[in-house]
Amino acid sequence: MEFAKPAQFERDARRVSLVGIVGNLILTLFKAAAGILAHSGAMVSDAVHSASDVLSTIIALVGIKIAAREEDESHPYGHERFECVAAIVLAVILFFTGFAIGREAITAITTDLTDASQATVPGVLALIAAVISIVSKEAMYRYTVHYANRYDSSALKASAWDHRSDAFSSIGALIGIGGARLGFPVLDPIASILICLFILKAAYEIFREAVDKMVDRSCSEETEAAIRACAERQPGVEQVDMLRTREFGNRIYVDIEIGADGGLSLYAGHVIAELVHDAVEKEFPKVKHIMVHVNPAGPGGNQSER
């Protein structure tokens, strides 16, 4: 993972988003036409999902553009959390999309059960569209998640999983359409319900991760242990009295109290703090800022929260 200049991140995100928008527009038109011509409700639902991906990608791009701005007087800690805002909006859109698809599917199933004559068998074109969608969306997922992991971007991760959830929904559509063609028409709307569940699951996961980053969740125990070990390795550091971390968008803020020889001069203590500061930021690129406080080590030092 790398943390390049915001301008470079924004350029890469814009390119990834443009690929997603164009790809989803093409898939939306193709799947909608295939669903209508082949009489497949599952494929029409899948097309709606792809259409929602276009809006989701645009929202993700806007969030990334704002998050890439430099610090200013109103936002002295930066704008990284706007990525999380974009991810939350995306999750809400996904939720309502999934809910609408599920409602339509339940209506179709009720109709099929009460009046079998109303059930339609989807054509082979819907099968072809499902296969093309699966391959295309998985490729878009892999392309997007590559850059999401490269920059640890919440918005790009949400967009990537949006692509994969669409691929999963297309698998459900393929199963439903195939089953309907084998003599079980009710499987087509049942597949739409599976699509609905995939979308709702993706929405929940995206929402949860974004909220975690919005409420100053601490880093993992492994990361904190590694930061503590890095500080303890620096010359003059006798102990780590306290360590707190918080995620801020795709970056990390660190507050640490170290213990040093109480007889050192103020200048010497400052040098030790600078060593810890520079070492942590170098070893952990995600750390945007670290605040180091020096305590006198030993019985008279600050041992609380060690």
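Predicted model: local features only at pLDDT ≥ 70, side-chain atom pairs only at ≥ 80, totals over all residues.
Two strands count as paired here if DSSP finds at least two bridges between them.

**Stop 1**

Select strands β1, β2 and β3. They form an open sheet of three strands in the order β1-β2-β3, and the pairing is mixed. At the edges are β1 (239-248) and β3 (287-296), each of which pairs on one side only. From one strand to the next the twist averages 10°.

Pick Leu243 and look across to β2, where its bridge partner is Ile256. Then move to the connection: β1 and β2 form a hairpin with two residues between them. Gly249 sits in that turn and has a positive phi of about 65°.

Now pair β2 with β3. Nine bridges join these strands, and they run parallel. Select Ala260 to see it opposite Pro296 in β3. Colour β2 by accessibility: nine of its ten residues are buried, leaving the strand mostly covered.

**Stop 1: the helices on the sheet**

Select helix α8 (residues 266-283). This helix lies across β2 and β3 and runs at about 150° to β3.

Which residues of α8 are buried? Show Gly269, Ile272, Ala273, Val276, His277, Ala279 and Val280. These buried residues pack against α7, β2 and β3.

**Stop 2: helices α2 and α5**

Show the side chains in the contact. From α2 they include Met43, Asp46, His49, Ser50, Asp53, Thr57 and Ile64. From α5 they include Leu156, Asp162, His163, Asp166, Ser170 and Ile177. Over the whole contact of α2 with α5, the residues divide into eight nonpolar, nine polar and four charged.

**Stop 3: two residues of helix α1**

Select Lys31, which is in helix α1 (residues 6-37). Is Lys31 buried or exposed? Its relative accessible area is 0%; buried means under 20%, so Lys31 is buried. Display what surrounds Lys31: leaving aside neighbours within four places in sequence, it is in contact with Met43, Asp46, Ala47, Ser50, Ser133, Asp166 and Ser170. Met43, Asp46 and Ser50 of α2, and Asp166 and Ser170 of α5, also take part in the contact between those two helices.

Finish at Ser17, also found in helix α1. Ser17 has a relative accessible area of 3% and is therefore buried. Not counting residues up to four places away in sequence, Ser17 touches Thr57 and Leu61. Thr57 was already on display at the previous stop, as one of the α2 residues in the contact with α5.

Conventions. Residues numbered from 1 in each chain as written. Heavy atoms only, no water. Helix = DSSP H or I, 4+ residues; strand = E, 2+ residues; numbered from the N terminus. Buried < 20%, exposed > 50% of the residue type's maximum accessible area, 1.4 Å probe, protein only. Contact = heavy atoms within 4.5 Å. Axes fitted to C-alpha atoms, helices over the stretch in contact; angles between N-to-C directions. Nonpolar A, V, L, I, M, F, W, Y, C, P; charged D, E, K, R; others polar.
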